[in-house]
Number of protein chains: 2
Amino acid sequence: MSLLEATAKKTKGRKGVGVIDCDIHHTFQDIKQLFPYLPRKYRERIELWGANFGGGPGTMNGGNIGKRADSFPPDGAPAGSDLNFMIDQLLDPFDIRYGILTGEFIACTNTADTYYSAALCSAFNDYTIEHWLDKEPRFRGSIYLPIHDVAASVREIERLGSHPGMVQAYVPSGSHHPYGNKMYHPIYEACLKHGIKFTMHVGAIGDGMNAPATNVGYPSYYIEYRAARTQAYMAHMASFIFEGVFEIFPELQVAFIEGGVFWVAPYLWRLDQDWRALREQTPWVKKKPSEYFLTNMYIGSQPIEETPNRQAFDTLFEAMHAKDKLLFCSDYPHWDFDSPKLVFPKMDKETTDNVFYYNAAKFYGLSIQDNMEE
Amino acid sequence: MSLLEATAKKTKGRKGVGVIDCDIHHTFQDIKQLFPYLPRKYRERIELWGANFGGGPGTMNGGNIGKRADSFPPDGAPAGSDLNFMIDQLLDPFDIRYGILTGEFIACTNTADTYYSAALCSAFNDYTIEHWLDKEPRFRGSIYLPIHDVAASVREIERLGSHPGMVQAYVPSGSHHPYGNKMYHPIYEACLKHGIKFTMHVGAIGDGMNAPATNVGYPSYYIEYRAARTQAYMAHMASFIFEGVFEIFPELQVAFIEGGVFWVAPYLWRLDQDWRALREQTPWVKKKPSEYFLTNMYIGSQPIEETPNRQAFDTLFEAMHAKDKLLFCSDYPHWDFDSPKLVFPKMDKETTDNVFYYNAAKFYGLSIQDNMEE
């Protein structure tokens with residue numbers, strides 16, 4: 001019995017509300033599965049050249065080509081590409097009532113050729129609806145945006161934002177500008193119009209036409225790129241706050257997925273302190289930065305830092321109001337998958353239910369009643 | 001009586017070892033004071049064009065043009081340019097036994113024209129020796145490096161590294177590459193040869209030819225640039241560790257000045273956890289990242305984050321071993337100056353003496369005996 005099976009066994013039958021998993025990477029077996037949704041010119045180019053997203057830094061990922069070794073379906077298909085295998089390995093054993101599909105294709109949002117990005121995003125979004133959302137009621141989808149073309153991103157939200165299965169606009173953490181920048185505001189307006197959320201997921205940092213992976217240039221090793229995830233989210237968080245995004249769009253809700261967890265509180269202390277001293281420079285920022293965090297932002301739980309002791313965990317957890325701000329994410333099928341059973345130390349029932357279910361239900365507007373049958 | 005004077009009054013006569021202040025920004029009254037140390041071609045250019053360091057993002061700083069309003073000498077000279085005024089306002093009242101001069105000229109290290117940078121750095125270093133170190137025994141100096149030319153930086157260390165008043169090679173946190181990169185290693189070799197430390201100080205992030213100020217592009221407001229300081233130090237810290245700098249140069253000691261404090265522990269948790277999973281990719285990194293922090297790095301105390309309560313302060317302080325790793329920095333004469341009296345909550349005598357004196361004495365190799373007279 002593998003660790004996963006042992007863990008799943010323990011989790012199955014958990015009393016209460018079950019789990020909402022906010023980060024499940026589904027994919028296709030072959031990019032040709034997107035061909036029914038792609039214009040002919042891109043089908044022909046991909047046939048000839050391959051998909052060619054414009055490359056990263058040449059670093060490897062961890063695990064088994066980035067995945068859990070046991071997450072490949074028996075027929076050898078890509079991890080995350082087989083709906084039934086995913087249900088059997090993830091949704092059923094861990095009592096996942098809703099699974100937010102985040103896709104294994106985020107690089108397509110980031111190509112320099114924004115027409116190509118827009119075509120790929122639309123194709124992947126259509127594929128997600130037809131092959132995943134239409135086939136399993138527990139899944140919810142993410143609208144991939146060709147983020148380097150804001151107008152095209154808005155059009156994609158207009159096209160799919162009111163689909164009942166789509167819960168969020170979805171962009172990589174790597175970007176041309178911090179996401180508070182005024183150029184992105186039409187996207188937030190479109191999200192609010194359609195009642196969907198704006199979610200960043202780690203990806204594309206330092207890739208293609210984006211800035212170097214750190215603000216002091218390109219690092220050398222994958223582990224440094226991994227560490228740079230937090231830096232990108234710090235920059236986006238400050239940008240949202242100090243550009244006044246949550247004053248302009250008070251109802252906007254945003255999530256930061258896969259960038260770590262415990263950097264949040266010390267960073268907000270820094271921002272609060274500096275805001276107090278410098279707020280005359282950004283008078284449209286009317287509240288302490290940490291207050292905007294409480295009202296407008298959520299943090300994905302994975303990968304959560306291991307603390308040296310329980311007291312440090314509790315202190316940081318409480319300081320960032322994680323009880324109300326954390327969304328459980330498994331990151332399935334990636335090698336650094338967090339099991340619902342193993343990821344946290346023992347917490348009280350209310351905190352556990354919030355982090356595994358109610359926070360995500362509130363963020364995504366998911367029904368609570370429908371999922372209460374035991 | 002100003003707050004400063006009131007504070008100084010309380011501090012004066014502090015029993016014990018007094019204070020080592022590791023970040024005092026001295027400067028000249030007029031850049032022409034550097035002319036005796038500058039080649040003619042640069043004197044002529046500065047006469048004609050001004051000093052022209054290649055500009056930042058156009059954001060303002062805080063306070064009174066970045067300074068404490070009361071730090072300008074009575075004759076209206078630049079803050080930090082009058083040695084006697086500085087002694088009267090900072091060294092004497094706060095019982096500062098050693099003051100590490102870090103200069104108010106860091107932009108000169110970062111021009112695209114590295115010949116110009118090299119000339120300015122040498123001139124400022126000579127000026128510091130002649131006008132500051134030679135005149136007041138409590139001061140110690142920093143060797144400004146023209147960091148974009150590694151060979152020239154090494155030459156400057158060779159020229160001045162054995163001067164008894166010079167304690168560190170000094171570079172801005174903004175850089176072309178993370179400082180663990182192999183291209184910088186000759187600098188560390190030269191530091192060790194001359195028994196000096198390698199110290200980064202916030203500056204030049206996003207300026208000139210450096211990467212954008214965040215890894216997701218240029219932010220809009222000064223407070224965001226301020227928040228990006230931490231991001232630069234995160235990148236440098238990971239780079240030092242994962243490039244194996246402290247395996248190649250086990251005796252090298254480096255300091256991170258003015259980038260905040262409480263980001264350190266959660267960041268080291270992240271690095272330790274990822275290193276455990278990914279260490280086969282960097283097999284030359286033989287210890288946990290947090291162990292290299294303990295043996296080879298120091299953190300400047302200013303600006304320290306205000307925590308929501310004492311318990312959070314103690315937890316983060318202990319988690320980063322601040323008792324042994326923190327160097328007191330006032331950042332005089334900047335507006336966000338930290339007074340030795342007000343900066344920390346009450347701590348036990350051993351911790352207080354370490355942070356205000358012994359850690360810096362150890363890092364810089366400063367005499368302890370000479371300063372024990374009360």
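Modeller: The lining of the largest cavity is made up of eight nonpolar, two polar and four charged residues (Asp, Glu, Lys and Arg count as charged, Gly as polar). This is a predicted model, in which local features need pLDDT of at least 70 and side-chain atom pairs 80 or more, while totals for linings and interfaces use all residues. Residues are numbered from 1 along each chain, chains are lettered from A, and hydrogens and water are left out.

The largest cavity holds about 110 Å³ of space (a set of points on a 1 Å grid where a 1.4 Å probe fits but cannot get out, lined by residues with an atom within 4 Å of a point). Its lining has 14 residues, and those closest to the centre are A:Met234 and A:Trp263 from chain A, with B:Met234, B:Trp263 and B:Pro266 from chain B. Four helices each supply at least two residues of this lining: H7 (222–242) and H9 (264–278) of chain A, and H7 (222–242) and H9 (264–278) of chain B (helices are DSSP runs of H or I, at least four residues).

In total, the structure holds four cavities of 30 Å³ or more. H7(A) gives the most, with three residues. By class, the lining of the second largest cavity has one nonpolar, three polar and five charged residues.

The relation between the chains comes next. Chain B is superposed on chain A by a rotation of 180° with 0.0 Å of shift along the axis, at an RMSD of 0.0 Å (least squares on C-alpha atoms with pLDDT of at least 70 in both copies). The two copies are therefore related as by a two-fold rotation axis. Of the interface residues of chain B, 100% are also interface residues in chain A, so the copies meet through the same surface (contact means heavy atoms within 4.5 Å).

How values were computed. On a 1 Å grid over the protein atoms alone, a cavity is a set of points where a 1.4 Å probe fits but cannot get out, and a pocket is an open set with protein on both sides within 12 Å along at least five of seven lines; lining residues have an atom within 4 Å of a point. Grid points are joined across faces, edges and corners, and a volume is the space filled by probe spheres set on the points.
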